[in-house]
Amino acid sequence: MFLRICLLVLLPALLLADDFQTPVLTPQQLLDLQKKAPQPVVVDVRNFNEYKSGHIPGAINIPHNKIARQLEKLEDAGHVVLYCSNGRRTRQAEQVLLDNMFDNVFHLQDGLIGWRQQGLKLTTGWAP
């Protein structure tokens, strides 16, 4: 019975783990890209308060549920890298960009959780 309950709880998360439609970047690959010109536009798709409490240096904040209304901020980007905490909101934002013909979209492997697990720096406040 316990195993059955565990499977029911974990199976949805396992099924969603790899359903991204965009290429993945590891935290190290993102760091390397940020050192080159043109730099990618890194988009934190979490809500404003989550962004303010800690985000990847250089990232801008466009919450996933507002990205469709702010596409012009991303039109001239060479690369767009999306992330949230664990991936759910990243997938939603990714779909909006793909539906609007953005073909230069990537997602951060394991989101902000993966970034933190690597011991990488975060920035707080409203500034990228």
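## Helix α4

The expected span of a helix is 1.5 Å times one less than its number of residues. Helices (H or I, at least four residues) and strands (E, at least two) are DSSP runs, numbered from the N terminus. At 1.5 Å a residue, the twelve residues of α4 should span 16 Å; the end C-alpha atoms are 17 Å apart, which agrees.

This is a predicted model: local features need pLDDT of at least 70, side-chain atom pairs count only at pLDDT 80 or more, and totals for chains, interfaces and linings use all residues. Residues are numbered from 1 along each chain as its sequence is written, and side-chain values use heavy atoms, with hydrogens and water left out.

## The sheet

Five strands make an open, parallel sheet, ordered β1-β5-β4-β2-β3. Two strands pair if DSSP finds at least two bridges between them. β1 (24–25) and β3 (60–61) are at the edges with a single partner strand each, so one side of each has no neighbour in the sheet.

Strands β4 (residues 80–83) and β5 (residues 105–108) run parallel and are joined by three bridges. Val81 faces Phe106 in β5. Helix α4 (residues 88–99) packs on the sheet and touches β4 and β5 (contact: heavy atoms within 4.5 Å). Its direction makes about 150° with that of β4 (axes are lines fitted to C-alpha atoms, for helices over the stretch in contact; angles run from 0 to 180 degrees between N-to-C directions).

## Residues of α4

Arg89, Thr90, Arg91, Ala93, Glu94 and Leu97 are the buried residues of α4 (under 20% relative accessible area, 1.4 Å probe, protein chains only). Met101 follows α4, with a positive phi near 65°.

Conventions:
Buried < 20%, exposed > 50% of the residue type's maximum accessible area, 1.4 Å probe, protein only.
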